[in-house]
Amino acid sequence: MFEERELEELVTAAQAGDPGAMEYLLAKLRPVVLRRCARFLPHHADAEEAAQDALLSISTHLGEYGGRGSFLGWVTVIASNAARTTYRSMRRRAEDSHADLPESVDPRTTSVIAGSRLDLMEALAALERQHPTLVESFVLRDLGDLTYLQVAEELGTPLGTVKDRIHQARRFMRERLATGL
């Protein structure tokens, strides 16, 4: 996708206000962001919506990226947060419309992949409610595919703390997904 040097030059040029660099950067990032959002959301249209929100956020806040951690790590955080926000919004709209939400996924009408993503999002929402400090480390490591060291750098948190948070989050998610509670 990107060579590190090319990426640095594009980011620097876009931050300096070069509209061509910004357009090219966003075009190159789009597939990465869409893949990241699709890991959270079961339907392509929802992932597209989240990806658009993420790309808008990237373009709006690019000037705030200061080089702490990797740029692609920063993009991963934004894309993951956009996907989670889209999911929460969809869930709220469904609840507000008084639609009957299934207690569990019906395997006859839902693909295995979509059902497992819905289960994952429900478990992630429960993790966020019960242990909010664990969510970001878990999302970046296990869903964002960043290394432990990259997660620590991205969050500005000691490596040991990151490892502990991920361990606790994995235990919670494993129990939650196994029991379906």
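Predicted model: local features only at pLDDT ≥ 70, side-chain atom pairs only at ≥ 80, totals over all residues.
Helix α3 covers residues 44–61. The helix has 18 residues, and the distance from its first C-alpha to its last is 25 Å, close to the 26 Å expected at 1.5 Å a residue. Its buried residues are D46, A47, A50, A51, A54, L55 and I58. In general, an α-helix has 3.6 residues a turn, so residues three or four places apart point the same way. Within the buried set of α3, A47, A51, A54 and I58 may be read with this spacing in mind.

Residue I58 of helix α3 has a relative accessible area of 0%. I58 is therefore classed as buried, since the limit for that class is under 20%. When residues up to four places away in sequence are not counted, I58 touches L26, L29, V33, W74, V75 and I78.

Salt bridges form the second topic. Side chains of opposite charge can pair when their charged atoms come close. The side chains of R5 and E9 meet with an N to O distance of 3.4 Å. Both residues belong to helix α1 (residues 4–15), where they lie four residues apart, or about one turn of the helix. R5 counts as exposed, because its relative accessibility is 54% and the exposed class begins over 50%. E9, with a relative accessible area of 45%, is partly exposed.

A further salt bridge links R84 and E128, whose closest N and O atoms are 2.6 Å apart. R84 is located in helix α4 (residues 71–96) and E128 in helix α5 (residues 112–130), so this pair ties together parts that are 44 residues apart in sequence. The two partners fall into separate accessibility classes: R84 is buried, with a relative accessible area of 7%, whereas E128 counts as partly exposed at 27%.

R170 and D142 also form a salt bridge, with 2.6 Å between N and O. R170 lies in helix α8 (residues 159–179) and D142 in helix α6 (residues 132–143); the pair therefore ties together parts that are 28 residues apart in sequence. Both residues count as partly exposed, R170 at 27% relative accessibility and D142 at 22%. Elsewhere, salt bridges that share partners join R5, E8 and E9 into one network, which includes the R5 and E9 pair described above.

The last topic is the second largest pocket, which contains about 180 Å³ of space. Its lining is made up of V32, R35, R36, R39, S70, L72, G73, T76, G144, D145, L146 and Q150. Helices α2 (19–38) and α4 are the elements that give two or more residues to this lining. By residue type, the lining divides into three nonpolar, five polar and four charged residues. Among the lining residues are R35, R36, R39 and D145, each of a type that counts as charged.

Definitions and conventions. Residues numbered from 1 in each chain as written. Heavy atoms only, no water. Buried < 20%, exposed > 50% of the residue type's maximum accessible area, 1.4 Å probe, protein only. Contact = heavy atoms within 4.5 Å. Salt bridge = Lys/Arg side-chain N within 4 Å of Asp/Glu carboxyl O. 1 Å grid on protein atoms, 1.4 Å probe; cavity = no way out; pocket = protein on both sides within 12 Å on 5 of 7 lines; lining within 4 Å. Points joined across faces, edges and corners; volume = space filled by probe spheres on them. Expected span 1.5 Å × (residues − 1).
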